[in-house]
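Please keep the sequence and the coordinates at hand while reading.

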Protein chains: 4
Amino acid sequence: MSHTSAAARASSPAPSSGSHRFSSVIHRIAEEMNTLDDHGTPADYIPMLADADPRRFGMAVAEPDGTVYGVGDWRQPFSTQSISKVFALALALSLDGGQLWRGVGREPSGNPFNSLVQLEYENGIPRNPFINAGALVVTDRLQALTGDAAGQVRDLLRTESGNAAIDFVPQVAASEAAFGDRNAALAHFMASYGNITLPVPALLAAYFRQCSIEASCADLALAAGFLARGGVRADGSALLTRSQAKQVNAVMLTCGTYDAAGEFAYRVGLPGKSGVGGGIIAIVPGVCTLCVWSPGLDKRGNSVAGVSALDRFTTLTGLSVF
Amino acid sequence: MSHTSAAARASSPAPSSGSHRFSSVIHRIAEEMNTLDDHGTPADYIPMLADADPRRFGMAVAEPDGTVYGVGDWRQPFSTQSISKVFALALALSLDGGQLWRGVGREPSGNPFNSLVQLEYENGIPRNPFINAGALVVTDRLQALTGDAAGQVRDLLRTESGNAAIDFVPQVAASEAAFGDRNAALAHFMASYGNITLPVPALLAAYFRQCSIEASCADLALAAGFLARGGVRADGSALLTRSQAKQVNAVMLTCGTYDAAGEFAYRVGLPGKSGVGGGIIAIVPGVCTLCVWSPGLDKRGNSVAGVSALDRFTTLTGLSVF
Amino acid sequence: MSHTSAAARASSPAPSSGSHRFSSVIHRIAEEMNTLDDHGTPADYIPMLADADPRRFGMAVAEPDGTVYGVGDWRQPFSTQSISKVFALALALSLDGGQLWRGVGREPSGNPFNSLVQLEYENGIPRNPFINAGALVVTDRLQALTGDAAGQVRDLLRTESGNAAIDFVPQVAASEAAFGDRNAALAHFMASYGNITLPVPALLAAYFRQCSIEASCADLALAAGFLARGGVRADGSALLTRSQAKQVNAVMLTCGTYDAAGEFAYRVGLPGKSGVGGGIIAIVPGVCTLCVWSPGLDKRGNSVAGVSALDRFTTLTGLSVF
Amino acid sequence: MSHTSAAARASSPAPSSGSHRFSSVIHRIAEEMNTLDDHGTPADYIPMLADADPRRFGMAVAEPDGTVYGVGDWRQPFSTQSISKVFALALALSLDGGQLWRGVGREPSGNPFNSLVQLEYENGIPRNPFINAGALVVTDRLQALTGDAAGQVRDLLRTESGNAAIDFVPQVAASEAAFGDRNAALAHFMASYGNITLPVPALLAAYFRQCSIEASCADLALAAGFLARGGVRADGSALLTRSQAKQVNAVMLTCGTYDAAGEFAYRVGLPGKSGVGGGIIAIVPGVCTLCVWSPGLDKRGNSVAGVSALDRFTTLTGLSVF
């Protein structure tokens, strides 16, 4: 295991100031993950993701003071995919102060037949900002507010992680676009209810770009630090109010892991957000942020080793929110 | 406001040993609740509930050491209704060690068209133990294990609260039975999938009895104390393992307030369970349990002043889990 | 093949007055049915039906003048099951003159997830009188009007067919009751909307009795004769107005064969009603009524050889309504 | 009332050869329609349709020999809208011989929440060719087979009616496109299942063009003549086999009038297809074809006076298929 603070990583090595209190626990977890019977299967609709070795595993912890350390492939960039939705949500909330909630709900979806059905029953208002339909609304609003939703998300990740190399991966965005009919259907359907402001092709382009951002466990654990610090960014300024930060955590807990949010809350007990790239971020409010990556997914699209590692983390440390 | 420990209440007055640290905040909240524009409407299908004054309000805090104190109508018994489901769940889990989860899920329902639809898609396995269908499964299992599900729940409430006067209200159970066709439909439907073991009429009788238990905010705050103490009962013995207690809290957070679980997590940020009698219990793990009562309900069946008071509590104290 | 008129069958042999114009065509069809690759599978939830040989086949034609003739097992009694719903519907319409349509619709269900879902969306009003929920409403009304819905249906079959031996089969009714949870769920659910007037157990008893009636192809082809005669019974009196008879035929065409009504209209092109006992009746208005029986069912619950035989009949005779 | 045969209309006046047997009955109906209390409301999302006077009424009868006559506005061109789907279906069937049915079903939709929900349950295969999703599949196939689906439909109408002036109305197609998000959602959604072959924008352009064709009652009654003649075109050649013609009629009867197909079968008892332009065609196999037009619609999108006039026609003539 290596470790470093965010500031150090951005420039030159410097002595870490953090406690590294979870160093031994994450090493233990990494060893346990080697023995998993089934690591799941990588997402297959994006060629660059499909080839990943499902046995790869990385985990990083970022403490509130910006110290970050990890184990395994914790510095390996991977496709953030839906994890980017957390940052897009935070930016949209910080800029529009809650108008967003007129166009997207905060309730779990709970629908194994996915969101299109529910979207029709609920007149084009998606249930929450983390299902695809809701994330499209968030990107639509952020694009309207800033003119470059995807760029804003990338820049937030860069600034909070101190890693200026974080960027889009055009081939991944292109793969998403090639399989984009379902997202196009969702966007047009919401547009038919007046709940999308951009032209659908422009919205989809921004959305696929946002999802194509590549970052490492170290980057994402640091970048999500504001959610463990009551909304405060790495530089001490406020991205969100304390109340807003809690609310984002609440939405992550109830809606952050697709159809398995209840199971995740039950097993892990932390606000978390997964992506089909195999990453999951999780927040221990006031204590630390975690990011784990392993590309093999379960049937619901969550990283098998990722969920398992977080489950072990809260079991070993007693640090769930419950 | 008056206050007392559970032990004291059960016998003779004794000096409270607790901190009463939330005494002033709940007084402030009670005053604020007086000024609410709209207190909602009591449930109208049970005559004994329909007549309640929606402006009544009580709130109690129980600390882990058994101290309890409150404000307003905090000693007024009311119909626990769905709050009883938390205690039935805890008892079933403690007795069967997890077999229960074969017949009921842990995912939020998220379905505004309610559970019958979902139940069909999911082959008779209800989404979680707090929607009616899931609670029927819990009562079915508890009845099979103990022969008297409703009596077990009542006795748990009595023991943990120290109030031996807690009991069923037969007229309320009879009113539920008179409007019981929908619950009968749910039970028969699950039975058609083999997910109910009792004869349906016997199950319904047990279920309606369980829901008819009357208790006060003081009683319920004390009785739910084991969920703030990692599963430990008032007498120091374990009802649940620490892990099980956290799991019950997780299910309460994601599924405890009908279709409004996401909203409740967002506004209040605590595991909570409401009932159509106007009560809500909420858990601050390691810190205290809360019970609030006000009979006026919002459209989703949660007490208007109850949710508002809990929202204010976490805002004023900063004590949400997020 | 043998043949006889209804009157003849009821008493002593008499010269048939009918044309027997379809005699050769049904013989040809019967031969073709012997060569079917797959005869399907009998319904398995009722023991007395499960044991039937799926290769058995009978077909009868009744001409408007009461002549009846057939081929194969055309005189073999079988369980009418849902075919009885047509007669219940006709009786209810004749007695209440259309009040019935307040509680049940006339639209195809079209829902592969079956009627419980739809019932919830549509507030307890079933889509049509031939899905189980709708048939329960019809029996409920007929029971309320006559005090003995099942007896009325049996008596109508007896009178129109001239066969006084037609009767209930208590073991079949008992088997249905033993697997009756889903129908109980439907009935209670509709009762929760006020769309059932009887106590549910009484309704179910009447309904299961009605479905347990046993009759042969000859009996049913004769008994349905009023639908080919504009509502006129065998004795020349009117059971239904001409308009009502057409309406029953219309409902049969659009809703008579479960989820396969469109396919049946497309292939056969006649008003028809099937039952899980393997029977199907079909109406050629003004020309004849048909009844076919073969106990092997397809996935949607319609007799494989039955549908095929009717398909061949309309192809060979050109007698579809289109 | 005036009258003429199709051939006559196309060139010079000629003695009509038809029987005009329904001349007096349609006059009587037209008078009755004047006294309707409520003529409904024109479709409002297409400006050119919204301004129509709901009291306008026309009705035409075409006999199998090509004689056509009518009453009221029977020569007034109107927007065919969904009526064009019948002709697209017939063309696709005639060209691909049934391959079409791999991508679209033949069952009534029966879903008041419309097709998007059902489409998801059924993996992108629409229930029938007359709901929008199914019609998009038909146009997709016809476009793939011919390179100009809309042009083929227009040309069929021209040839069969003998009216070379029938054409698209670009402003109507443009209005449809401006409100096309829902159709775009359907098309992209089916494309996500591989059930659309064209690029979605190209498909939508063809579809909106096809729907924008304007024709009169006289034109449409004549053009649909092949469905009353067992598939035979006006010139004696076969567009469809007799069997295919019957099958199109069956699909019209079970699926031709949106959510009201059961009601239409019950009241009118003829295969029919309506459009939001206020037109309805209906087939009396072997006898005649009817087209009625009145722009005021009921809640389900069918012409109020149109349905009423057809109801009266079958009541007065006894000519329903049942």
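Helix α11 of chain B, residues 217-223, contains A221(B); helices here are DSSP runs of H or I with at least four residues, strands are runs of E with at least two, and both are numbered from the N terminus. The model is predicted: local features need pLDDT of at least 70, side-chain atom pairs count only at pLDDT 80 or more, and totals for chains, interfaces and linings use all residues. Residues are numbered from 1 along each chain as its sequence is written, chains are lettered from A and ligands numbered from 1 in the order in which they are written, and side-chain values use heavy atoms, with hydrogens and water left out.

With a relative accessible area of 0%, A221(B) is buried. The classes are buried for under 20% relative accessible area, exposed for over 50%, and partly exposed in between, computed with a 1.4 Å probe on protein chains only. Apart from neighbours within four places in sequence, A221(B) is in contact with A60(B), V61(B), A62(B), T289(B), L290(B) and C291(B), where contact means heavy atoms within 4.5 Å. A30(B) lies 191 residues from A221(B) in sequence, and their C-alpha atoms are 17 Å apart in space.

Attention now turns to another helix of chain B. The buried residues of α15(B) include V304(B), V307(B), L310(B), D311(B) and F313(B). Among the elements of chain B that cover them are α2 (23-34), β2 (58-62), α14 (261-267), β7 (279-284) and β8 (288-293).

At the start of α15(B), a side-chain oxygen of S303(B) comes to within 2.9 Å of the backbone nitrogen of G306(B). Just after α15(B), G318(B) adopts a positive phi of about 70°.

In chain C, the loop between β8 (288-293) and α15 (304-317) holds N302(C). This residue, N302(C), is buried, at a relative accessible area of 2%. Its side chain makes a polar contact of 2.5 Å with that of S274(C). A polar contact is a pair of N or O atoms within 3.5 Å; within protein, one must be able to donate a hydrogen and the other to accept it, and residues adjacent in sequence count only if both atoms are side-chain atoms. Beyond neighbours within four places in sequence, the contacts of N302(C) include T257(C), Y258(C), A260(C), G296(C), L297(C) and V307(C).

Most residues other than glycine have a negative phi. Y258(A), although not a glycine, has a positive phi of about 55°; Y258(A) sits in the loop between α13 (242-255) and α14 (261-267) of chain A and is partly exposed, with a relative accessible area of 25%. N123(B) likewise has a positive phi of about 55° without being a glycine. The loop between α5 (115-121) and α6 (132-146) of chain B contains N123(B), which is partly exposed at a relative accessible area of 48%.

At the level of a whole chain, chain A comprises 15 helices and 8 strands. Its radius of gyration is 18 Å, close to the 20 Å that the globule rule gives for 322 residues, so chain A is as compact as a globular protein of that length; the radius is taken over C-alpha atoms, and the rule is 2.2 Å times the number of residues to the power 0.38. Of the 322 residues of chain A, 65% count as buried.

Finally, the copies can be compared.
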